[in-house]
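Subject: A structure for you to look at

Hi there,

Here is the structure I promised to pass on.

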Amino acid sequence: MSPLNNETVQKAFGVIRDEAKRRRDAFREEPVPKIQIGMATCGIASGALETKNAFEEVLAERKIKAHIRTVGCIGHCYAEPVVIMDHPESGFPPIFYHNVTPGKAKMLAKSFLEDGDPLFEHVLGAMEENDLVPQVLDFPRFNQEKRVVLEKCGCVDPEDIYEYIADGGYETLAKTLQLAPNEIIEEVQESGLRGRGGAGFPTGRKWDLARNADGQHKTVICNADEGDPGAYMDRTLLESNPHQVLEGMAICAYAVGAQKAIVYVRAEYPLAVKIVTKAIGQARELGLLGEGVLGSSFDLEIDVFQGSGAFVCGEETALIQSIEGNRGMPRHRPPYPVQQGLGGQPTVINNVKTLASIPPIIEHGATWFRAIGTEESPGTAIFSVVGNVVHAGLVEIPMGVTLRTLIFDICGGVPNKKKFKAVQIGGPSGGCLPEEFLDTPIDFDSLIQAGAMMGSGGMVVMDEDTCMVDVSRYFLDFTQKESCGKCTFCRIGTHHLLNTLERITKGEGRDGDLDQLETLSEDIKNGSLCGLGKTAPNPVLTSLRYFRDEYEAHVKERRCPARMCRTLTAFYIDLDKCARGCDACVGSCPVEAIFTTKNRKKGVDQSLCVKCGECMVACPAEYDAVMKVSPPDLAPVVD
Amino acid sequence: MIQENSLEEEKLILDDIASRLKAFGREREELIPILQMIQERHAYIAEDAIKMAAEYLGIAICEVYGVATFYNQFRFHPPGKNHIKVCLGTACHVRGGDIILENFERKLEIRDGETTPDREFSIERVACVGCCALAPVSVVNETVQGHMAPSKVEGLILGFKIEKEKAEREKKKSEPAQ
Ligand SMILES: Cc1cc2nc3c(=O)[nH]c(=O)nc-3n(C[C@H](O)[C@H](O)[C@H](O)COP(=O)(O)O)c2cc1C
Ligand code: FES
């Protein structure tokens, strides 16, 4: 394909952009306050819908004029529901409020919109520099981030294509269509972008291979299968700013010479499916997709395919199998999908984040992108930092930032004065890194060297109360179920690993178990065809390497040092601390295992106790009488 | 035993599927979208529905069954009126998701993947619903419930039971006394 008719494209896009700007200016200039509510899945889960209803009610009730606008997720999941209120007349800058419950919403509408009092006690910060309210950018959770991929998430309404365009969206596609495809591929190669789907394969090289492969019907697939059970950034991106992904897909399709593209989204993500489908419709309506994109000779159709929930279908050859209507079983590579993929034709498969990185790269150039991150891993990394961490949520940082900075400075460290123990990176294929590795820079190669991997970008922070053996067991339980069954080592090997780990967590470990875990793990790695089997033993191997003493305590002393493995722990009530006549724990127990002793204190019937820990939560802090011990025979007998 | 659908119900379901199948092509690639359509409309895939899909695409029944059982999404028994998904993703596991699952199981006296005999409740374990910051999480009838605790489990189920009783009472009231 040669560069397309410049003038037509420019003109066609100009019309759309002017309309988008006109709409935005009209909205901005309207002299009424604006209320912006985050409405992605996490927001809705925290009650954003109720918050929105409360705002609507109070506005109607008190006849306050204001616009309510819904946007996607800005990644501050710990603060949901998040509301930004812009009330220029009050003299205050736009203000970011956190945890806005319906009650708070009504209060804010009354005092801020009516009386001009922004209620400082609920403010997280101001969105702009000013003299009245501290800026959010003064907090590390905001100012240490570098947003390239998530830049517009939480700022634009994902269901309105004009908002994305007014913010500079699709400009790059218009520019791309005026370049030769190989110029684009060169730029991407130059940028050093590596695939964000886990393996870090150079994207430019993949595109180049696809461009040069023989085939009339090439396809671009956006991999949004996101099977890692602790990562959700792909979903958030699709829910909050689908057009950036679609734009990246269109640029890719133009560069490699494809006319068909597919977004492969998990069916478990209904909101993402809905929003992407709507976005495709809007883009087609404006002529940004479909026949003759922006009046050029480039055609592109994008479809949505709903994945049916199999972890292995994130693997590219299995993904293709499932689109073709088969069981999602990986096959041998080569041939690689760029040579023979969907329907035997060359197919580019890229992760959501990889594709969303493309528009900014083409817009600002490869040199700009290379200036972010490290030499070998340019650009940013997105993590969903969750688990035992204060400011959980999505974080986008430049590659090369250390784990310590990410977990402690940006995300606020471990809550409840607990000690940090480990961080699990990369989901079921990744590993657990202990405190000594906190100064590891986050990039593809350093993480692999440390024994973890970038993987999907899931990051689970664990405190001292998390048992490493149990976490390994958890991951093996997952991979064992998800193994497609093609390779014997993966199918049966993971089953054996799981069995052994289950025995150990129940205190039935034997001598030699740990050595066997190690050798079997190596065998599974060597004997498996796809990445699932090759990486499934990683959680076991890294935790054995860094937390062997914990395994040994389980096997040799029947003791769980973190007091998490339930067979190995017991709860009891310290009679010296227990308050006579207090019944808090009794009501909290789901199985009625707590009885009253002769002197009107409480005891735990060990034969009934299911070790859920509710009584520990229920016991008033001033008594703090519920104790948890391992091994269980440390609990005194009470009658 | 779980109450089965009545024959009339079954026939309605199959008629609906038959009429909707026409919108699909007959290529193999349509298989998963067809199965998804069936489940979306009827919440599960009945044996006869599998036969219909196989006939429509001209492939063996065991092929369809093989594909359908490979994927976690598909169910082969009708779920309860209130479907409870308990997240056991990594973040939820670390925050005690299995305790929540156990509490649902104990309260409803069924295991995960099962439906109560009166078809009021069913439980399913899922991996990460994307709200890890609120762990542990459960999804009850599409509403995400964050920061779950055993006491919240009890409250939720009690809420449904009270609602049901109320509905039944109202129904009785509106029926003319005999
Ligand atoms: C078991 C397994 C699961 C995978 N899951 C995903 C996934 O959920 N999302 C993804 O983008 N890539 C996943 N991958 C990697 C893909 O096979 C593929 O490398 C990737 O989509 C390529 O995109 P990229 O070059 O943009 O990274 C998985 C690989 C394996 C082996
Ligand atoms: S792990 Fe439960 S919502 Fe993510």
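This is a predicted model: local features need pLDDT of at least 70, side-chain atom pairs count only at pLDDT 80 or more; totals for chains, interfaces and linings use all residues.

Let's start with chain A. Chain A contains 25 helices and 18 strands. How does its radius of gyration compare with the globule rule? The radius of gyration is 27 Å, close to the 26 Å that the rule gives for 639 residues, so chain A is as compact as a globular protein of that length. Of the 639 residues, 55% count as buried. Take the contacts in chain A between residues at least 6 apart in sequence: 73% of them join residues at least 24 apart.

Now chain B. You will find 7 helices and 4 strands there, and from the N terminus on they run α-α-α-α-β-α-α-β-β-β-α. The C-alpha trace of chain B spans about 55 × 50 × 25 Å along its principal axes. Of its 178 residues, 35% count as buried. Among contacts in chain B with a separation of 6 or more, residues 24 or more positions apart account for 61%.

Next, the inside. In soluble globular proteins, nonpolar side chains tend to be buried together. The largest nonpolar core here has 232 residues, and those with the most contacts inside it include A:Met249, A:Ala250, A:Cys252 and A:Ala253, along with A:Val385 and A:Leu406. Which element gives the most to this core? That is helix 11 (residues 242-256) of chain A, with 10 residues. Another core, of 14 residues, lies apart from the largest one, and A:Phe571, A:Tyr572, A:Cys585 and A:Ile594 are among its members.

Finally, where do the two chains meet? The contact takes 43 residues from chain A and 35 residues from chain B. On the side of chain B that touches chain A, the elements giving two or more residues are helix 2 (31-42), helix 4 (61-70), helix 5 (90-94), helix 6 (97-108) and helix 7 (150-174). The residues of that side divide into 19 nonpolar, 11 polar and 5 charged.

Enjoy exploring, and write back with any questions!

Best wishes

Technical notes:
Residues are numbered from 1 along each chain as its sequence is written. Chains are lettered from A and ligands numbered from 1 in the order in which they are written. A residue is buried if 20 or more other C-beta atoms lie within 10 Å of its own, exposed if 12 or fewer, and partly exposed in between; C-beta atoms are placed from the backbone. Two residues are in contact if their C-beta atoms, placed from the backbone, lie within 7 Å. A nonpolar core is a set of buried Ala, Val, Leu, Ile, Met, Phe, Trp, Tyr and Cys residues joined through C-beta atoms within 7 Å. The radius of gyration is taken over C-alpha atoms; the globule rule is 2.2 Å times the number of residues to the power 0.38. Ala, Val, Leu, Ile, Met, Phe, Trp, Tyr, Cys and Pro count as nonpolar, Asp, Glu, Lys and Arg as charged, and the others, Gly among them, as polar.
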